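Here's a quick briefing to read alongside the sequence and the 3D view. Start with the overall picture, then zoom in on a single side chain.

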Amino acid sequence: MSDFGRQLSQSLQEAGMTQLAFGFEANVSREAVSSYTTGRTVTPPDIKSKSVLITDNPYLAMAAAQESTAGTSPGILDGDRIEVNRHTVLDRTEHEMNELLKIIREAEESLISAPPRSLTTQEKQAIETLIQETLDVVTASTNLAAILCREYKVSWIKQWAIHKSKWMKNGLMKMMKGVGLHE
C-alpha cells in the first residue's frame with residue numbers, strides 16, 4: 001500500500017466518509033477508490049488534489065505532495081522512534097530550529113556570499129549541511145502545523161490560503177496562474 005493510499009483510507013475513516021460517498025464527490029467509482037486506498041492503482045494527480053479538498057486532511061495533503069514531487073516535499077513523521085503527538089512534534093521542531101540557528105551562526109557570511117564556483121570541498125559540505133538542517137526544520141515544522149490542525153480541528157486548506165495571502169501581500173510570493181486554493 002502506498003503512503004497516499006494509507007492516508008486516503010485513514011482520512012475517509014476520520015471524516016466518517018465511505019468509499020462510495022468519496023467516489024461520488026471525486027467523480028470516480030467506489031472500486032477506483034478502493035484500488036487507490038490499497039495501492040493497487042496509482043492515484044491520478046487530479047484525484048489526489050480532489051481528495052485533499054474533500055477531506056481537508058493535512059496528512060493526506062503531505063502524502064499527496066510526497067508522491068507528486070518524487071519525494072521532494074516534507075514527509076510525515078510516523079517512524080518507530082517518535083510518538084506522534086503535539087508535544088513530541090513541538091519538541092522535535094524546537095530542536096531542529098535550534099540546530100539550524102547554530103549552523104547559520106557558524107556559517108561565515110563570506111561562505112554564503114562566495115560565488116558557488118569558488119567553493120572548496122569543505123565549504124561545499126558546509127553548504128550541504130546548512131541545506132540539510134533547513135530541510136529538517138521544514139519537515140518538523142510542517143508536521144507540527146499538520147498535527148495542530150488535526151488535533152484542534154483547524155482547516156489545513158484555510159491556513160495555507162492565509163499563509164500564501166500574507167506572503168503575496170508582502171511581495172514575497174506570486175500566485176501562479178491555475179494554482180490556488182478552492183474554498
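**The chain at a glance**

Of the chain's 183 residues, 28% count as buried, where buried means under 20% relative accessible area, exposed over 50% and partly exposed in between, with a 1.4 Å probe and protein chains only. Keep in mind that this is a predicted model: local features need pLDDT of at least 70, side-chain atom pairs count only at pLDDT 80 or more, and totals for chains, interfaces and linings use all residues. Residues are numbered from 1 along each chain as its sequence is written, and side-chain values use heavy atoms, with hydrogens and water left out.

**Fold and dimensions**

- The chain has 9 helices and 0 strands (DSSP runs numbered from the N terminus: H or I of at least four residues for helices, E of at least two for strands).
- Its C-alpha atoms fill a box of roughly 60 × 40 × 30 Å along the principal axes.
- Take the contacts (heavy atoms within 4.5 Å) between residues at least 6 apart in sequence: 62% of them join residues at least 24 apart.

**Surface**

- The accessible surface is about 12000 Å², and 55% of that belongs to carbon and sulfur atoms (Shrake-Rupley method, 1.4 Å probe; for residues, only the protein chains shown count as cover).

- You'll find Lys 48 in helix H4, which covers residues 45–55.
- Why does Lys 48 count as buried? Because its relative accessibility is 7%.
- Leaving out residues up to four places away in sequence, Lys 48 touches Phe 4, Thr 43, Ala 64, Glu 67 and Ser 68.
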